[in-house]
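The questions below go through a two-chain structure, one topic at a time. Each answer ends on the item asked for.

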Amino acid sequence: MIRSDLLDEIAQLTSEHFVLVLVSMGIAAAIAIPLGVLLTRRPVLRGPLLGFANVVQTIPSLALFGFLIPIPFIGGIGKRTAIVALVFYALLPILRNTLVGILGVDAAVRESAVAMGMTGRQLLWQVEMPLAARTILAGVRVATVTTIGTATIAAAIGGGGLGVFIFRGIASVDTVQILAGAIPAALLALISDGGLGWIERRFSAA
Amino acid sequence: MPNSGPALEFRQVSVRIGGRLILDNLSFTVEHGQTLTLLGRSGAGKTTALRMINALLLPTEGEVLVEGRSTTAWDLIQLRRGMGYVIQEVGLFPHFTIAENVGLVPRLEGWPEERIAQRTEDLLRQVGLDPDEFEQRYPRQLSGGQRQRVGVARALAADPRFLLLDEPFGALDPVNRLELQDQFLALRDRLGKTSVFVTHDVREAMRVGTHIALLDRGHLEILTTREQFLRSDGPEARAFLAALDQGAAINSAGLL
């Protein structure tokens, strides 16, 4: 038996969830892609930065949300803290794929570009980024799908989203509530995966 | 900007990479319009020497002068845009069409689009490719020989004063190689480019070079005209001339 107020709440929490993921991914990409480019130019930074991103990934998500609560500015209760935590998680796949994608550009292509007198900026925008786009997008896709799942935990620190249903369902042993959170989250993940995968394939010219 | 001095000059150039001496006190000059072939075995330092000219590498000691100015004093972008560069792996941009690949340097130089299109068509014809058939294709749709023709067209596109070629035809079948060598010679004679051509094939060196520099483990063994090279008697030169003799029975008609 599904009541219409439940459907309304599903719609509202799904869009809240979506916005949470969208904002987190936007910020993560804006940090990780330039950082990945920087790592291709500064090999000494690769170890420390990839190491940091790796360590962040190993922290259990519930614990990371918890750690952030007492931290000033980025912490506290609510959406902002949730977004900070989600951004941390999304960094590694995007960072790693940006690095791999750019380093994967054929050495002969890069050498030709430099030898023909391309500036560093032209090399990046006309050669490296277009050729790495597919790999970078694959990183964004992986990060998005995991973030959609992880974002359900945001509800634990008052971040809202579909996790609200899941936590409520667990507390009240109500399977309908749990499914009301889990099914839209799963659908969201599948749709994002399909959509981003489609965009990725459109970059197959190379 | 031709000047009265040599087009290229190596002055006591040494290169050390990771503690290993790759070029040892190399000195030579190339005059305007000459084609110098850098001949030598693998690991002799030919490619390293070539890469010093467009400053992909800088000397550890000594200096490389291009039109009288050290490569360290040149604006690198300006230096490189005056030098066509052809390598064995070709290095066409896989995400650019053939026309976009050929028009790359003119576009970087800000030529108007009609002039780029005209130039691209002309060049494709000059290297034996029909523009209508090839312009809109991508590099992966071409054979190795066709790709290298595009590579040569791309190197010539902005009418550079120099051509640098690193075993450009090394990966091609013998028929294509011969055809491309002929085209290179015809283009060079018509355009009067100063060229440096790296090869380990003594027959190719004799065919395309006006002058031959023989490198052996980073040393310059000899630099002579190709006629004199046939009479040189250093051990490394003799080793290469022996390889030439072997092929002479089949392929000497055009040489002497």
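Q: In which loop of chain B does B:Ala157 lie?
A: This is a predicted model, in which local features need pLDDT of at least 70, side-chain atom pairs count only at pLDDT 80 or more, and totals for chains, interfaces and linings use all residues. Residues are numbered from 1 along each chain as its sequence is written, while chains are lettered from A and ligands numbered from 1 in the order in which they are written. Helices (H or I, at least four residues) and strands (E, at least two) are DSSP runs, numbered from the N terminus. On that basis B:Ala157 belongs to the loop between helix H7 (144-156) and strand E7 (162-166) of chain B.

Q: Is B:Ala157 buried or exposed?
A: A residue is buried if 20 or more other C-beta atoms lie within 10 Å of its own, exposed if 12 or fewer, and partly exposed in between, with C-beta atoms placed from the backbone. Because B:Ala157 has 25 other C-beta atoms within 10 Å, B:Ala157 is buried.

Q: Which residues is B:Ala157 in contact with, leaving aside neighbours within four places in sequence?
A: Two residues are in contact if their C-beta atoms, placed from the backbone, lie within 7 Å. As for C-alpha atoms, those of B:Ala157 and B:Ile116, 41 residues apart along the chain, are separated by 8.6 Å. The contacts of B:Ala157 are B:Val102, B:Gly103, B:Val105, B:Pro106, B:Arg119 and B:Leu123.

Q: At what angle do the axes of H7(B) and H8(B) cross?
A: Axes are lines fitted to C-alpha atoms, for helices over the stretch in contact, and angles run from 0 to 180 degrees between N-to-C directions. The axes of H7(B) and helix H8 (residues 174-191) of chain B come within 11 Å, and their crossing angle is roughly 15°. Angles under 35 degrees count as roughly parallel, over 145 as roughly antiparallel, 65 to 115 as roughly perpendicular and the rest as oblique. H7(B) is therefore roughly parallel to H8(B), at roughly 15°.

Q: Which residues of H8(B) meet H7(B)?
A: On the H7(B) side are B:Gly145, B:Gln148, B:Arg149, B:Val152 and B:Leu156. Facing them in H8(B) are B:Asn176, B:Leu180, B:Phe184 and B:Leu187.

Q: How many residues of helix H1 (residues 46-53) of chain B are buried?
A: The buried residues of H1(B) include B:Lys46, B:Arg51 and B:Ile53. Just after H1(B), B:Ala55 takes a positive phi of about 60°. H1(B) is largely enclosed by the rest of the structure because the buried residues number 8 of the 8.

Q: How many helices does chain A have?
A: The C-alpha trace of chain A spans about 70 × 40 × 20 Å along its principal axes, and 41% of its 206 residues count as buried. From the N terminus on, its elements run α-α-α-α-α-α-α-α. Chain A has 0 strands, and its helices number 8.

Q: How far apart are the axes of helix H1 (residues 4-41) of chain A and H4(A)?
A: The two helices pack at an angle of about 40°. The distance between the axes of H1(A) and H4(A) is 6 Å.

Q: Why are H3(A) and H4(A) oblique to each other?
A: Helix H3 (residues 61-68) of chain A packs against H4(A) with the axes 9 Å apart. Residues in the contact include A:Leu64 and A:Phe65 of H3(A) and A:Ala85 and A:Phe88 of H4(A). H3(A) and H4(A) are oblique because their angle is about 130°.

Q: Which helix gives the most to the side of chain A that touches chain B?
A: Between the chains, 16 residues of chain A are in contact with 16 residues of chain B. The elements of chain A that give two or more residues to this side are helix H5 (107-115) and helix H6 (120-150). With 6 residues, the helix that gives the most is H5(A).
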